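Here are a few exercises to work through with the model open. Have a go at each one before you read its solution.

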Amino acid sequence: MRVLREQQTLVLSVNLVESRILREVLEALIQAYGVQPGALDAATQAVWFSTRGCESAKMSVEETAEWIAALHEAKRSLVGRLQQWVAPLRALPERGRVLRMECEEAPAFLTAINDYRLLTAARHAIGQAEMDLDWTDPSARLPPGRQRALLEIDFLAWLMELILQAAAS
Amino acid sequence: MNTETLPVDKPEEKVKEAFARNWNVIVWNDPINLMSYVVFVFMRVLGFNKEKASKHMREVHEQGRSLVATETRERAELYHQQIQAHGLMVTIEQSS
């Protein structure tokens, strides 16, 4: 995977495996962003729509509901862009695929894939202990579902670091 | 005859309260958000330069939380919404 900056455009080059993972991530986000907060699973609700800050601010039930609705609208407004970004990843297989985005779109992309990391960690109970696991230690492996979740979280972290570096260059 | 006095709104107090910069915005540590991403969010949402953003990120990472702003309630609520929208754990509370 490679991210280069060409003037005001970020060019993300991925191989087939990376492309497939990223496509699945973006498709999952398109689906999840379209779901009303109350209809999401409890883990996702807790991490995407945590009301801890509303409670500390002593917001009323109505104010909290409005706050959640505004947050949901902000996420839902990203769906169009996610569909644009996933389109080149759905193209016929070649040796690799290229995703281009304007630098000004990078923050939205970062926020979206970070949302996926948070969602995956919450759904698979990935916490500090799992994030600190030593990958070179075979006895430290998690059950397959959680191991895959950890792999996705780390893969997206790598992508985020590359985008942040390229955007700052 | 009921002589109970009804509460009277005090507009000057409401105005004073609205402009009082006594709401703390606090960002909390979590194991998933990347340090570089936290710096990015502080720069983007709070307008910090890289040095200040990095200092607050380190506070979050090492002390578990960082007080990133003390503002009017309206501005603190805006930061609360924007920081949470970026996936960071944030609370606001009135300072004593």
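**Exercise 1.** In this predicted model, find which residues of α1(A) meet which residues of α5(A), then sort the contact by class.

*Solution.* Start on the α1(A) side: R23(A), L26(A), E27(A), L29(A), I30(A) and Y33(A) are the ones to pick out. Across from them, α5(A) brings V79(A), L82(A), Q83(A), W85(A) and V86(A). Now sort them: the contact has 8 nonpolar, 1 polar and 2 charged residues.

**Exercise 2.** How are the axes of α1(A) and α5(A) arranged, roughly parallel or roughly antiparallel?

*Solution.* First get the angle: the axes of α1 (residues 16–33) and α5 (residues 79–86), both in chain A, come within 10 Å and cross at roughly 160°. Angles over 145 degrees count as roughly antiparallel, so α1(A) is roughly antiparallel to α5(A). Last, check the hand: this crossing of α1(A) and α5(A) is left-handed.

**Exercise 3.** Work out which helix gives the largest share of the side of chain A that touches chain B.

*Solution.* Begin with the totals: 25 residues of chain A are in contact with 20 residues of chain B. Next, list the helices of chain A that each supply at least two residues to that side: α3 (52–56), α4 (61–76), α6 (106–123), α7 (128–131) and α8 (144–168). Of the side touching chain B, the largest share belongs to α6(A), with 8 residues. By class, this side of chain A splits into 14 nonpolar, 7 polar and 4 charged residues.

**Exercise 4.** How many helices and strands does chain A have?

*Solution.* Walk along the sequence and you get β-β-α-α-α-α-α-β-α-α-α. Tally that up and chain A has 8 helices and 3 strands.

Terms used
Residues numbered from 1 in each chain as written. Chains lettered and ligands numbered in written order. Predicted model: local features only at pLDDT ≥ 70, side-chain atom pairs only at ≥ 80, totals over all residues. Axes fitted to C-alpha atoms, helices over the stretch in contact; angles between N-to-C directions. Helix = DSSP H or I, 4+ residues; strand = E, 2+ residues; numbered from the N terminus. Parallel < 35°, antiparallel > 145°, perpendicular 65-115°, else oblique. Left-handed = near helix turned anticlockwise from the far one by under 90°. Contact = placed C-beta atoms within 7 Å. Nonpolar A, V, L, I, M, F, W, Y, C, P; charged D, E, K, R; others polar.
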